Structures are given as C-alpha cells and as structure tokens.
Amino acid sequence: MSQEEYRSAMPGHAEFQLPAEGPPRRVNGVPPVPHATGSAPRRDAVDVWDERIAGGLAFLRRRLAGAYEVDDFGFDSDLTDSVFYPMLRVLYRDWFRTEVHGIEHVPDSGGGLMVGNHSGTLALDAVMLSVALRDRHPRERFLRLLGADLVFRVPVLSELARKAGATVACNPDAERLMSSGELVGVFPEGFKGIGKKYADRYKLQRFGRGGFVSAALRTGTPIIPVAIVGAEEIYPMLADLKPLARLLGMPYFPVTPTFPWLGPLGLVPLPSKWLIQFCPPIPTGHLTEFADDPMVVYNLADQVRETIQTTLYALLEKRPDPFGP
Amino acid sequence: MVTSHPAAPPRVVVVTGVSRFLGARVAARLAADERVERVVGLDPLEPPPTLAGLLGGVELVRADARAASAAIAELGAEAVVHLAVTGAPDPQHGGRAAMKEQNVIGTMQLIAAAQAAPRLRKLVVRSSTAAYGASFRDPAVFTEDTEPRAVPRGAFARDILDIEGYVRGFRRRRPEVIATVLRFAPLISSTADTSLTRYFAQPLVPTVWGRDARLQFVHVDDALEVLHRSVVADHPGTFNVAGAGVLTLSQAVRRAGRIALPLLEGTLSATAAVARHAGVGQIGLDQLDLFVHGRVVDTTRLVREFGFAPRTTAEAFQDFITGHANGSSLTADRLAAAERAILDGIRKVRASVGGEHA
C-alpha cells in the first residue's frame, strides 16, 4: 500500500501534515547536517567550484608573489586564516567537540589579557583557545599567544608560531601587544602545566611571580581568566623520562598510553570532550601605579589562579565523562 | 670668543668616510646647504672616480684617524659626522683586521680628537641596529633602551658595541656637546651596493630552513635626510632609523621575484665560508644571525624627535626591486598571467565536460 492509498483510506486525516521543522540548532558546538530547504534556491554547483578554484589560485598567487602583509611580530593573518585555522577547526569542532561559554566576557575592542590553565603535554589548549575566539567571538578576534623561548629556538616551529601571531613571553612584547589593542593569551604555568602527570590533572600549578599581571597593570588592560577542560586527557602522561628529556634538551619526555609505543600514531590526541569558559574580566585600569608593587601583583595573580581553579571544578561537574558526547 | 647661537647650524663640519657611498653623499649634501660654511672630508683613501664628482664643494683631507685628530682642532670644527664605519670586511683592503682597525681604533682616535676640540658643539655617529645583537629570547621589537642579551658573535655587531661605548664615554666627558647616535637598519635603494643588496640581487637566494626572519630596511635617501637633519638641527640622543613595517625574508625574496634556496641552519657557517673563499658572496656571521633571528626596531622616538618618518620597509624594498628587475624569474606580472591562464584552462575544460553531459 502506497502513502497515497493509505492516506485516502483514512477519512478525516487526508490533509494531515507533519509540523514544519525548526531552524537547525548547533549541538555541542557541532553544526548539524545541513538541511536542504525547499524555499531557498540552491546555488549552481558549477559556480561554487569556479569560485573555490579562483579563490585558491588567487591565494597561491598572493603567496608566491609575497603580496601579503606581516605585522611587526611576524603575524601573517592571510596564512593563518587560509591555512592554519581551517585545519585546526577540524580538531576543534569534530575531534574535541569544543563548547564555549562566557564569550560575552571578552571585550569587542581594545586589549585584553587571557590567562588560562595549561595542560596536555603538547600545548594544543593555547591553539584551541585562539580558534574559539576567532570562531565564536562576534568580532572574530585574533588571539596573540605568548610562548616559551623553547618554541622560538626550534626551527619550523618558531616560524609557524610567529606566523600564527605568537611571540616570546616577555614583558616588552606583552605590553606592546596589549597597548596596541590586541588580545594576548598567556599560560603562566608554562611547562609545569603541560608537563604534569595525568594523576595531577586539573590541579593548577604555581603561577610564577606573576609577570603577566604586572604587564597588564602597566598598560591598564583587563585580565580575563579562562578555564579549559579537556586538554588534560588528550595525551595522558603516565611517566616522565627525565634523563632522556635532559639528553634531548626537552623540558620533559612524556610516556602516554600511545606514545612512544605507537610511534607517530601516538601523536594523535585522544578525542576528549572540551569545555572552554571565559570568566568575567578583572579591570586593572585603577591599579596602574601598583605595577611594580610585588604584593599587589602577587595577590592579583593569586585571585586569577583561584578563579580559574574554581571554574575548572565547576566545568568538571558539567562533564562527568571525559570522552562523552 | 664669539659663539654662535646654539640652535644655528654648525659652520664647519668634518665628515669622515667620504670615500664611501654614504659619506660622500652626506658631505655633498652638507656642502650644498648654504647655512654650512665649510665641509671637510676626512678619509685615508682617495674617493673613487664615481664619487669624486659629488665632492665638488668638499675640502678633502687625506689622513688616517691618527693624523685627523690634529686636523679636527686646527680646522675649528663645530660638528663631526663619523661615518667611517664598515659593515663587512673588504678582502682588497686588509680584510677583518683592517675593518676592526677602522671601526674600533679609528672611532677611538676620532672621539679622542673630538673631545679635545674646543669649538665642537655636535657629534653625529653612524651606528647600526646590529647593536641589539641576536638571540631567541629577544623581544620582537627593539626600542632604543633594549640591552643586547649577549655579546653578538658577528664582527660588525661587536664593533658597533665598542663604537657606542666610546660615544657613551664622550657624552660623560663633554656633556655640553650634542651627541647623536643613529642606529640604521640595513640601507637599501635602487642603486645602493651593499652585501645585503648583492645577496637579494642573486637569482637564487639562499635562506634558512625552518626560519623566516623579520627584516627591516631604510631607504638611502631617508638615511641621508636623517643624517643631514641631525647635523643642521639639534637632536641629542640615540635613535633607531628604519622604515616602518616588516618584510619576512621569504616574502622579500618572493617580492623580488627570486627563488629561495633553504639551507640547514647547521651548515650555514660552512656554506658562507666556502662562498667567501670562492669569492661568490660576502655573507658573514652578522648576516647569518640576521637571517636566523631577524631584527625589528621601534622608530617612534625618531619620528617624534625629527618630525620625519622614513618611507616604509616595503616601499624602500620596492625601490630596490625596480632597480634590480633583470635577475627576477617569478615576477608578480608573470604569476598573475599564469593564474589567469590556469583559471581559463580549467573553465574551458569544465565547460566542455559539462557540455557533453548536457
């Protein structure tokens, strides 16, 4: 029996129609499968491909001719937007299913200092934070990361880091970026944070002397604490082979369930569920003259640390299963 | 004794290094300025014929720095412009030993002479952004107050640190003399001939694998303008002189239409040494460090004090490209033509395939 015959056989129900579907909603940061809507005319497939090819060729020509702009720090926004972010978005969206909360706490314009917890053996959390800001912020802001000098010592990595907008973690660079109205990302735990064992997950390490706070105070830039949940599980570090690390000149040599046993396959991060929470900004404009006062700086750093730690615990309650949906 | 008004331009100016590209031009420009009565060029060497034409209004004194000491006081010099600073050793004139002799010993003697000159009111010294050294932990942008992290390994950079040290001593001993130190980024123009312009003029440009140094240039004409202004007006202090903005090494190579040849960092020194011995290039440790670390300076102080902004790094480099167009293979025009040809080709193929289906 066909639909038509069935319908006509049911008196009174012949005109029954299913209710119209609502607009597609984002689920856990993952866009739903696009629905073919009848009303909007579909664009000609040939045109789409023509545009894509033309766009790709124009990009290639721009790159080969050097016709792009690089800022004083070596940030190449053309390359970052066309190559780095599209690749990282696959990790951000499909692999880690990242959810972002509190994006409204990030200012629309002017400087800001994002202070986050650091974890995950490889600093993917910093990269994912910058993707989150570019994707979810209404102004699609870039995050300028401050990296350890080790990053800038290694060939290739140093080149990529500079092109993606990162620079060496030092006060002159941080202040220059913040006073020119950029969002700066800093992870004060440094290698103590990313190099900690899986057993110590989500326990914030020492924040150093709080150099990041004095840089923010000197420029009157608001500090925005950020809690990132999910990075701890991507490469769970079971042991640290310290002698080998010393031999290779690395801050630690991780042993995870997959590395170094599976070789390069061990570099594939585990698909944990990520939550990023931006906390309300801490204004510093009224504290500019205290930038050199070690106690003010230390207390403020401690306040930021406490905020991140409590937010981390709250986020973990929301995410009972690290590898859940 | 009649002293001139402090703000008035000096009447007698001594310029060192007039047998060289920059020195000859600065001296010629000062000689053309009516406010300056007398320009004396000091140099141990005879200016080459190409530069001799410029030096019409300049009195030339052929003397080395030691003999020059007496000359400065005798001439009653009111300003000394020290430009006899060499960036790279010249194998035809004694190599590195002569370079150090000229840069360090020459500056020491000249500054001692300047210190003893009673009528001296102004000292202008050519320095370089090499004064900031090169290290992985350096801030991305140097201001005049940034101290180098370590003693640089390049010969020129070490000389520059010595030269600035002598000027610091001079400032302490003659605080009433206006001392201006100008830290120049690498000079570039369509006609300038330096080891860096020769490097970019090659069709195949060796670069460093895994690094993309940020570079800055200053146009020769802007460097001359800044030098001239620091002689005729009073601008005490140390200033970075560079074009605003940045070009990365790979970007500069691409804009010049050259092809980059990335070399491993560990092999660079050896390659440069081989090239030096073969007479191919004059790439020293100074340049290698520049190509690994890059160097960007803040010119806010210069622009505020001089009221003059040099043309940007990109504009200065564009002028160099127009002067060296014949060695380029991948020019922007050729790339644009290739882009159009490929796009048209793809469209034609797609149209014909689509046509068959229809």
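Ile259(B) counts as partly exposed because it has 15 C-beta neighbours inside 10 Å; the label covers residues between buried (20 or more other C-beta atoms within 10 Å of the residue's own) and exposed (12 or fewer), with C-beta atoms placed from the backbone. The model is a predicted one, in which local features need pLDDT of at least 70 and side-chain atom pairs count only at pLDDT 80 or more, while totals for chains, interfaces and linings use all residues. Residues are numbered from 1 along each chain as its sequence is written, and chains are lettered from A and ligands numbered from 1 in the order in which they are written.

Back to Ile259(B), which sits in strand 13 of chain B, residues 259–263. Setting aside neighbours within four places in sequence, Ile259(B) touches Pro203(B), Leu204(B), Val205(B), Ser329(B) and Leu330(B), a contact being two C-beta atoms, placed from the backbone, within 7 Å. Pro203(B) is 56 residues away from Ile259(B) in sequence, yet their C-alpha atoms are 6.5 Å apart.

As for chain B as a whole, 82% of its contacts between residues at least 6 apart in sequence link residues at least 24 apart. Of its 358 residues, 45% are buried. Chain B carries 13 helices and 13 strands, these being DSSP runs (H or I, at least four residues, for helices; E, at least two, for strands) numbered from the N terminus. Its C-alpha atoms fill a box of roughly 100 × 40 × 40 Å along the principal axes.

Over in chain A, helix 3 (residues 77–95) bends by about 40 degrees at Tyr85(A), with Pro86(A) following within four residues. The bend is the angle between axes fitted to the seven residues ending at a residue and the seven starting there. After helix 3 of chain A comes Arg97(A), with a positive phi near 50 degrees.
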